[in-house]
Amino acid sequence: MSDISSSVKLKYVKLGYQYLVNHFLTLLLIPFIATVAIELLRMGSQEIFTVLYSLHFEVLHILCSSFLIIFVSTVYFMSKPRTVYLVDYSCYKPPVTCRVPFSSFMEHSRLILKDNPKSVEFQMRILERSGLGEETCLPPAIHYLPPAPTMEAARNEAQMVIFTAMEDLFKKTGLKPKDIDILIVNCSLFSPTPSLSAMIINKYKLRSNIKSYNLSGMGCSAGLISVDVARDLLQVHPNSNAVIISTEIITPNYYKGNERAMLLPNCLFRMGGAAVLLSNRRSDRWRAKYKLCHLVRTHQGADDKAYYCVMEEEDKEGNVGINLSKDLMTIAGEALKANITTIGPLVLPASEQLLFLSSLIGRKIFNPKWKPYIPDFKQAFEHFCIHAGGRAVIDELQKSLQLSGEHVEASRMTLHRFGNTSSSSLWYELSYIEAQGRMKRNDRVWQIAFGSGFKCNSAVWKCIRTIKTPTDGPWSDCIERYPVFIPEVVKL
Amino acid sequence: MGRSQEQGEGQGPIHSIRLSTVGAARPTETGTTHEPTGLDLAMKLHYLKAAYIYSPETARDLTVRHMKESMFMLFDQIAWTTGRFSRRDSGRPYIKCNDCGTRFVEGQCNLTVEEWLSQPDRSVDEFLVYHQPIGPELAISPLIYVQLTRFKCGGLGLGLSWANIIGDSFSLFYAFNFWTKAITGETIHAPIPSKGDRGFQSPNPTVKDPVSVKRIDPVGDLWVTPNNKKMATYCFNLSVADQISPHFPANGDNSIPVFEIIAGIIWKCVAKVRAEPEPVTVTIIKKDPNDLKPNNAIRNSQVISSVQVDFPVAEATVEELVRSIGEAKDERFGIEEIGGSCDGNLDFVVYGAKLTFVDLSGEDLYGARVMGKSPHSVYFNVEGVGEEGLVVVYAAAKSEERVVTVTLPEEEMEMVKLEFKKCGMIAP
């Protein structure tokens, strides 16, 4: 009984503390305004006028003061960074003919790796614990026995994914291809010449003075890097919009060897892509869904261990694949810590920052053995989109940030339905939250992505209009089934 | 005549073979299974093969992608056929409905459809049907193979190889017709019911020891009919008016039992060649006339009946044989019992246990229209036939003709063909 009452008391103390610190200035201002108001009322209108006349305001004084005020406000508004609005976005939904059930994947694995039963066994164990469902998709070329990853097949996949997502975006936003000012495409592992951005410009006959960028090799966090590039460009170019295409083309990167650490991506990476429309136009403010509040990029590449932990290399037989080191989770945790240290002060309420600061000072000065205070990010955000890199990543982040099951539900369900779609997974997760009807006006969303290098990038969006259900998107035909229970191990 | 093909190697005139997997669009609930009946289990060593050839005008614009998409629509209806076999602890086989898929084979041919069809022995169509038996690893053996062969002129050969344990030939044609409707883009109004009653009405519940079924030594997990003799196939066309009617006395009402006559003639020819011992017992397989129309589900419901005569066949008249065939006894009940006995661990041969005649002449094979056009040619045969041989009779492109596919031991084939020539069945 006393335990419960003491924990309840503690809760109220915490709440009181939070209100006090977060609204400190307001609380300070109230007695001040009250005093002034009482004084004014007491003085009466005659006395007020007398006081004002005695100040001897001359026309020149008034004019100068007004000009000063106008000048200061103009400088303030001009130097304020332009708000970047996310008008809308669309996620690619692969056709059902690309579906890869577990049994199909394992059968192909057994037929292709028939001389390496241990590798087959390894893949089966990965798949059982992966958190993927039976509806994830691989591109048509990978359904062949053995897979047929030609350059033409890769281009076909790119066209299928990108053009479908773009056409959906055009339909949703009414955007005309000729109106696109900035185009950024990020696809880490497929980088043909001419680039994918050139492919889009060719297909939709975009303007000749378009600012196009193609980011490759930047891993799963490249989606947020593209948003960062778009944001910076939109500061320089007034009245413009930017289209971002985030995707990963699976066809050319299917590992054909039998090295276990390199077979892991085959089990997890699936087809997907997203097209996002950003704008800095005031006229788009009324129809935009979100506005970008913060974007923080942290790069751990200076550390050798972080640099080498996700490495594309050839195995002993010359097959190219992505080698994931065993320290991946540790490095991800450290990258996250670095990112949080930067984003914390920008988003956390004063109460949390004060607590964190005092715990830091305490640990440095008084006792290093004190447990470090993990700021409660649930106070800063209503929704979390954690890159669905794998079950381990989501578990690790849920633990580090002390999030509940519902906070990471979007990530887990995206992993289940679509697999690891690399840089576009954040957009599938956002789509899930919208489809569940949880996105309300003024809600803040935190998108966190990890990528090779090792990078941790995060973006903070604020919802500026409540999203009504049902939404059209990749979840429209299956959202009623979600959330599903994902067992720890699926028996194959 | 099992032609097993290696990935990439051509099978005779077909080259550039590519294998991929197609399945069902919607996921099946985990843990779903399909239990074969006793009759299904008795058929497990046999595989049905059908090849349809479409002209370039019909098929030129059909892409592989479109064909695969329409296959998905078909398998959405019969997702259980995309599963894999497994055995219970007792050894009884069952299908794990895990959406594993079926194999889709693409091939090219350097001949045009015309050149291909100019060959008189239609058994070359066997090259259009990719086939692999179930086993030795049940868990990775697809139950259905689909082959798409592109001819030089743009025509298309569609081959379907299907394990008989899933369903009989009538079910296969039903599924194929469904596929052609999906290819043509017709909305599917009548999905294939999958939970239909898989039983059958048999007027002969007392038949205990069916002779149409032969028990063989256990084959384990490789479901292949063990034959000591190599089998050969021969396929030819018959004109009812010119080659069949003369053998039978004219009836007042002008209707003659074409299948029975053909069976009788061929039975006689084989009896002449196979003197000791004469085949006095034959098996007749037909469609069940009491079967609910349309075929209610993909299943084995064909009537398997046995005919036994006590007179020498080689000297008998065709009329006498036709009459005996008419008195065939339905043995399905017995086969159902024996097939399911010992927890399905026994292995049997049905086609070729005795000289077997299959009547498919009532099936509208040329109704499998793609883009409104019927196929140019349809071929049908069974893989895994026993040593006594098999004769399949089915409709030809022209309604006054029939196609006959004969599978016999190689050593007998030439002599049987000689007998055919003697009675005018094939040209000398």
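This is a predicted model: local features need pLDDT of at least 70, side-chain atom pairs count only at pLDDT 80 or more; totals for chains, interfaces and linings use all residues.
How many disulfides does the count come to over all chains?

**View 1. Cysteines of chain A without a disulfide partner.** The count comes to zero disulfides over all chains. As a reminder, a disulfide is a covalent bond between the sulfur atoms of two cysteines. Cys267(A) is in no disulfide, and the nearest cysteine sulfur, belonging to Cys220(A), is 15 Å away. Cys267(A) is buried, and its relative accessible area is 0%. Cys293(A) is likewise in no disulfide; here the nearest cysteine sulfur is that of Cys463(A), 11 Å away. Cys293(A) counts as partly exposed, with a relative accessibility of 29%.

**View 2. A parallel strand pair in chain A and the helix that links it.** Look for strand S3 of chain A, residues 182-187, and strand S4 of chain A, residues 211-215, which run parallel and are joined by five bridges. Between S3(A) and S4(A) the chain passes through helix H7 of chain A, residues 196-204, in a β-α-β crossover that is right-handed.

**View 3. A covered helix in chain A.** Is helix H15 of chain A, residues 425-435, mostly covered or mostly uncovered? H15(A) is mostly covered, with eleven of its eleven residues buried. Among these buried residues are the aromatic side chains of Trp427(A), Tyr428(A) and Tyr432(A). Glu429(A) and Glu434(A) are buried too, as are Ser425(A) and Ser431(A). Following the chain past H15(A) brings you to Gly437(A), which has a positive phi, near 75 degrees.

**View 4. Where the two domains of chain A meet.** Chain A is divided into domain 1, residues 1-79, and domain 2, residues 85-481. Taken over C-alpha atoms, the centres of domain 1 and domain 2 of chain A are separated by 44 Å. At the meeting point, four residues of domain 1 of chain A are in contact with seven residues of domain 2 of chain A. Between them, these two domains of chain A bury about 460 Å², 54% of it on carbon and sulfur atoms. On the domain 1 side of chain A, the residues that lose the most area to domain 2 are Tyr17(A), Gln18(A) and Asn22(A), which together give 75% of what that side buries.

View 5. Chain B has 428 residues, and buried residues make up 59% of them. Its secondary structure comes to ten helices and 18 strands. Of the contacts in chain B between residues at least 6 apart in sequence, 79% join residues at least 24 apart. Chain B is divided into domain 1 (14-184) and domain 2 (214-362 + 384-422), and the C-alpha centres of these two domains of chain B lie 24 Å apart. Here 42 residues of domain 1 of chain B are in contact with 39 residues of domain 2 of chain B. The two domains of chain B bury about 3,500 Å² between them, 60% of it on carbon and sulfur atoms.

**View 6. A three-stranded open sheet in chain B.** Three strands of chain B form this open sheet, in the order S2-S5-S4, with antiparallel pairing. Strand S2 (33-34) and strand S4 (84-87) of chain B are the edge strands, each pairing on one side only. S4(B) is joined by four bridges to strand S5 of chain B, residues 93-96, and these two strands run antiparallel. Within that pair, Ser86(B) stands opposite Tyr94(B) of S5(B).

**View 7. The surroundings of Pro13(B).** Pro13(B) sits in the segment before strand S1 (14-22) of chain B. At 32% relative accessibility, Pro13(B) counts as partly exposed. Leaving aside neighbours within four places in sequence, Pro13(B) is in contact with Gln108(B), Cys109(B), Asn110(B), Trp116(B) and Phe127(B).

How values were computed: Residues are numbered from 1 along each chain as its sequence is written. Chains are lettered from A and ligands numbered from 1 in the order in which they are written. Side-chain values use heavy atoms; hydrogens and water are left out. Two strands pair if DSSP finds at least two bridges between them. A crossover is right-handed if, with the strands pointing away from the viewer, the path from the first strand over the helix to the second runs clockwise. A disulfide is a pair of cysteine sulfur atoms within 2.5 Å. Buried means under 20% relative accessible area, exposed over 50%, partly exposed in between (1.4 Å probe, protein chains only). Domain bounds come from an automatic or database domain assignment. Contact means heavy atoms within 4.5 Å. Buried area is the accessible area (1.4 Å probe) that two parts lose on being put together, summed over both.
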